[in-house]
Amino acid sequence: MYKTWREEYRANQATKRQIELEQWEQEKRWREEDRSARQKAIAENSADLAVHNENVRAATGVSYLTLVCHEDTWTFMAIRAFGQWKPEWTQSTRPKTILDIPNAPGSFDAEKFGTDPNLPEGRIKKIASGSARNGMQQVILSGHNLAQLLNSLHKGSKEEDIAVSARCSRLYNKLVGFVDLLDPDAEAGQTTGVTYRIDDSLDTTHIKR
């Protein structure tokens with residue numbers, strides 16, 4: 001009887017090890033499939049380097065662009081491009097004293113900028129909708145700002161975090177939508193004062209008035 005029990009025990013242990021091995025192999029396959037899917041998605045999110053280079057070159061020649069987007073969208077882009085930002089800020093230059101301009105970065109905050117956005121008072125305007133503000137704002141960007149945003153978003157589109165990669169890719173392509181409209185042979189000054197809006201919307205059939 002002891003011999004029979006021992007054989008059953010060994011058989012059970014062997015079965016258990018086999019099940020654990022199969023589970024490990026299945027989990028390994030899932031991890032590899034997830035990794036392949038992630039790498040494929042990231043590759044699709046990121047623009048070809050040569051194409052990106054042309055986009056940056058084109059953006060650098062822009063005098064200025066008035067960008068309209070939600071302040072949360074701008075905050076995400078600005079943090080990536082300049083090192084930091086807060087939704088309530090309306091400028092990035094350091095005020096003479098912290099009390100002069102409450103919405104601007106103080107001396108401590110200004111030191112954290114990796115790249116100076118050089119967005120003084122007047123270049124960022126919060127937009128009111130009716131009697132209340134809906135979070136939309138307009139930002140007057142120079143060609144330098146635009147190139148910096150494109151470069152940082154292009155780098156972000158290659159990140160392992162698929163959500164970050166997707167966000168950076170989408171915003172990058174929105175800015176490229178403006179760059180694609182540029183004509184280097186056109187008369188100078190045609191882009192001055194152009195307003196470009198990041199604001200995807202629903203089909204009218206989904207809107208209830």
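Q: Which side chain does serine 46 join in a polar contact?
A: The side chain of serine 157, at 3.4 Å. Bear in mind that this is a predicted model.

Q: Where is serine 46 found?
A: In the loop between helix 1 (2-45) and helix 2 (49-60).

Q: Is serine 46 buried or exposed?
A: Buried, because its relative accessibility is 15% and the cut-off for buried is under 20%.

Q: What is serine 46 in contact with, leaving aside its neighbours within four places in sequence?
A: His154, Ser157 and Lys158. Ser157 is also the partner in the polar contact.

Q: Let me back up. How many helices and strands does the chain have?
A: Six helices and four strands.

Q: In what order do the elements run from the N terminus?
A: α-α-β-α-α-β-β-α-α-β.

Q: How much of the chain counts as buried?
A: Of its 209 residues, 32%.

Q: And what is the accessible surface of the chain?
A: About 13,700 Å². Carbon and sulfur atoms hold 50% of that.

Q: What share of the contacts comes from residues 24 or more positions apart?
A: 67%, counting contacts with a separation of 6 or more.

Q: On to helix 2. Which residues does asparagine 55 touch, not counting those up to four places away?
A: Leu150, Tyr172, Val176, Val179 and Asp180. Asparagine 55 has its place in helix 2.

Q: Buried or exposed, that asparagine 55?
A: Buried, since its relative accessibility is 7%.

Q: Which residues of helix 6 are buried?
A: Val164, Ser165, Cys168, Ser169, Leu171, Tyr172, Lys174, Leu175, Val176, Phe178 and Val179.

Q: What does aspartate 161 reach at the start of helix 6?
A: The backbone nitrogen of alanine 163. A side-chain oxygen of aspartate 161 comes to within 3.0 Å of that nitrogen.

Q: New topic. How much space lies in the second largest pocket?
A: About 190 Å³.

Q: Which elements give two or more residues to the lining of the second largest pocket?
A: Strand 1 (64-70) and helix 6. The largest share, four residues, comes from helix 6.

Q: And which residues line the second largest pocket?
A: Cys69, His70, Thr73, Met136, Arg167, Arg170, Leu171, Lys174, Ile198, Asp199 and Asp200. Two of those, Leu171 and Lys174, are also listed among the buried residues of helix 6.

Q: Now helix 3. How many residues does helix 3 have, and how far does it reach?
A: It has 12 residues, 71-82. From first C-alpha to last it reaches 15 Å, close to the 16 Å expected.

Q: Which residues of helix 3 are buried?
A: Glu71, Trp74, Thr75, Phe76, Met77, Ala78, Ala81 and Phe82.

Q: What does threonine 75 touch, beyond residues up to four places away?
A: Trp85, Lys86 and Pro87. Threonine 75 counts as buried, because its relative accessibility is 10%.

Q: What follows helix 3?
A: Glycine 83, with a positive phi near 105°.

Q: Which residues does glycine 114 touch, again not counting those up to four places away?
A: Phe82 and Gly83. Glycine 114 has its place in the loop between helix 4 (107-110) and strand 2 (124-129).

Q: Buried or exposed, glycine 114?
A: Exposed, because its relative accessibility is 64% and the cut-off for exposed is over 50%.

Q: What separates the C-alpha atoms of glycine 114 and alanine 81?
A: 8.1 Å, and 33 residues along the chain.

Q: Last one. What is the phi of asparagine 118?
A: Positive, about 55°, although the residue is not a glycine. Asparagine 118 also has its place in the loop between helix 4 and strand 2. It counts as partly exposed, because its relative accessibility is 41%.

Methods
Residues numbered from 1 in each chain as written. Predicted model: local features only at pLDDT ≥ 70, side-chain atom pairs only at ≥ 80, totals over all residues. Heavy atoms only, no water. Buried < 20%, exposed > 50% of the residue type's maximum accessible area, 1.4 Å probe, protein only. Contact = heavy atoms within 4.5 Å. Areas by Shrake-Rupley, 256 points an atom, 1.4 Å probe, with all protein chains shown as cover. Polar contact = N/O pair within 3.5 Å; in protein donor to acceptor, adjacent residues only side chain to side chain. 1 Å grid on protein atoms, 1.4 Å probe; cavity = no way out; pocket = protein on both sides within 12 Å on 5 of 7 lines; lining within 4 Å. Points joined across faces, edges and corners; volume = space filled by probe spheres on them. Expected span 1.5 Å × (residues − 1).
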